[in-house]
Each structure stands twice: as structure tokens, then as C-alpha cells.
Amino acid sequence: MARIETKFEPHPVPTGIIEANGNQYMADGKGGLRAVENIPPMKKLQDEQVRKIFGFAHALAAQIARFKGHVYEDLGSLDALMMQEYGLKVGGPKGNRTYATFDGLMKIEVRIQDRIVYGPEMQVAKALFDKVLNERAAGADPLIRSIITSAFDTDKEGQINRANVFVLLNVKDEDPDFKRGQDAIRDAMYVIGSKSYLRFQFRDAYDAPWQTLTIDLASA
């Protein structure tokens, strides 16, 4: 797909310059005022560049937010028309759904992901799995040991890593304590809401691999 160049105006960002008694000042990181002429040129250049970039970043964030709103609104209208036409609800489990062009070269996926928190039963689960590992000691399968350890590691936000927990829940093991540990994890899981995600994909031909159209900066 050809690259599309777009232009948009940056969001206004304060210059950081304070006028007082006919002189210009800028606040430093501690809140003190420094005369502009006393600020090193490279510090002033860095300040100007960061403010310039932030102006475009603010404008881009606002543009993406508007775009996301329009996408959901347009797809919602399409859902309503399909409901009217066929009398059926569009989508699969949990509201997941995919919209595609007639030639099958572009598609938009809407995915609903549950937000899960873990209750105190996780401490019980950890104790049970620790017991399993202690009883097996050196004879424990290295892969199983790694899966159990990873399941109770925390992610960057300090929360239990959901992906690793689900790997542990899918392990088949006949040990009663192992199974009780899995049950304790299931009892600990609480769904407190859900979040909707959009994914845009395209391909150059019907038999070509799908490519994802990048929207977020993290994967750009």
C-alpha cells in the first residue's frame, strides 16, 4: 500500500517565556526564573525543539482520538444496517468482529479484551505450586518449573502477567495439588470490565500475507 503523506497544524504550545519589567525570563526545573540571555544556547534550542515536537504530538493524539471515534461510529452504523437487513447481531464471542473489503485485501478487526484482576486466592495458588515444585525438587521438569515461575512473575505495571497465567492454566498435569492450584487461579480471576481494540490489516493479493497498518507510536 502506497504511503500517504498528510499535513496538519500543530497544537499551540506555550513558549515558556515570561515577560516581566520589560525583560524575558524562563522558569527552570525548580521553578526559579532565569533571564533568557543567560540560558545556554543549546538549552534554549532543546527547549524550542521539544515544544515544537510536543505541538505536533498533541495534534496527532487529538487526530487519532477523533479518527477512533469516527471508526466506531461508522462501524456501529454499519452494524445497525445489517441488523435491519438480516435481523442478526454482527460479531462473534464477546463482540469480536471483522469487516472486510469485497476483494479481501483490507480488513478491520474489532477485538474485545476483558480486564482481569486477581484476588487473594492467587496466594493459595502460589503456595500449592510451590509445594508441587518442592516435592518434585530436582526431579521437576525444567519446562514445568519455568512455566510455574513465570506465571507468578509480575509485568512492568507490577501486576500478575496474564499471558503467563493462561499458559499455566493450559498445562495438563495429574498431580492433585497441581490441579488444585489451577482451580485456585480460576477462582482468583475477576473480570472488572473490558476494552475494545481496533486492528487494520491489508495485503497486496488474495494469497499474500496480511500486514498490519501501524497506528500506535510504540510499534511504528
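Predicted model: local features only at pLDDT ≥ 70, side-chain atom pairs only at ≥ 80, totals over all residues.
Student: Which side chain does Asp 79 meet in a salt bridge?

Tutor: The general idea comes first. Side chains of opposite charge can pair when their charged atoms come close. In this structure the partner of Asp 79 is Arg 97, with 3.2 Å from N to O.

Student: How many salt bridges does the count come to?

Tutor: The count comes to 12 salt bridges. Another of them joins Arg 199 and Glu 109, whose closest N and O atoms are 2.6 Å apart. That pair links distant parts of the chain, 90 residues apart: Arg 199 is in strand β6 (residues 189-202), and Glu 109 is in strand β5 (residues 106-118). Glu 109 is buried, with a relative accessible area of 5%, whereas Arg 199 is partly exposed at 39%.

Student: Which residues are linked with Glu 109 and Arg 199 in a network of salt bridges?

Tutor: Lys 107 and Arg 111 are linked with them in the network.

Student: Where do Asp 183 and Arg 186, which form a salt bridge, lie?

Tutor: An α-helix has 3.6 residues a turn, so residues three or four places apart point the same way. Asp 183 and Arg 186 both lie in helix α5 (residues 176-188), three residues apart, which is about one turn of the helix. Their closest N and O atoms are 3.3 Å apart. Asp 183 is partly exposed at 41% relative accessibility, and Arg 186 is partly exposed at 42%.

Student: What is the reach of helix α1 from its first C-alpha to its last?

Tutor: Helix α1 has 46 residues and reaches 67 Å, close to the 68 Å expected at 1.5 Å a residue. Its buried residues include Gly 55, Ala 59, Val 71 and Leu 75, together with Asp 79. Strands β4, β5 and β6 are among the elements that cover the buried residues of α1. After α1 comes Gly 87, which has a positive phi, near 70 degrees.

Student: Which nonpolar surface patch includes Phe 67?

Tutor: Phe 67, together with Ile 64, Leu 213 and Ile 215, makes a nonpolar surface patch of about 300 Å². Phe 67 is found in helix α1 and is partly exposed, with a relative accessible area of 37%.

Student: How many aromatic pairs does the count come to?

Tutor: A pair of aromatic rings is described by the distance of the centres and the angle of the planes. The count here comes to three aromatic pairs. One of them, between Phe 129 and Phe 152, is tilted, with 6.0 Å centre to centre and 50 degrees between the planes. Phe 129 is buried, with a relative accessible area of 0%, and Phe 152 counts as buried at 16%. Phe 129 also forms an edge-to-face pair with Phe 178, with 5.0 Å centre to centre and 90 degrees between the planes. Phe 178 lies in helix α5 and Phe 129 in helix α2, so this pair ties together parts that are 49 residues apart in sequence. Phe 129, Phe 152 and Phe 178 form one aromatic cluster.

Student: How many helices and strands does the chain have?

Tutor: The chain has five helices and seven strands. Of its 220 residues, 23% count as buried.

How values were computed: Residues numbered from 1 in each chain as written. Heavy atoms only, no water. Salt bridge = Lys/Arg side-chain N within 4 Å of Asp/Glu carboxyl O. Helix = DSSP H or I, 4+ residues; strand = E, 2+ residues; numbered from the N terminus. Buried < 20%, exposed > 50% of the residue type's maximum accessible area, 1.4 Å probe, protein only. Expected span 1.5 Å × (residues − 1). Contact = heavy atoms within 4.5 Å. Patch = residues over 30% accessible without salt bridge, like charges linked within 9 Å, V, L, I, M, F, W, Y side chains within 5 Å. Areas by Shrake-Rupley, 256 points an atom, 1.4 Å probe, with all protein chains shown as cover. Phe/Tyr/Trp six-rings, centres within 6.5 Å; stacked < 30°, edge-to-face > 60°.
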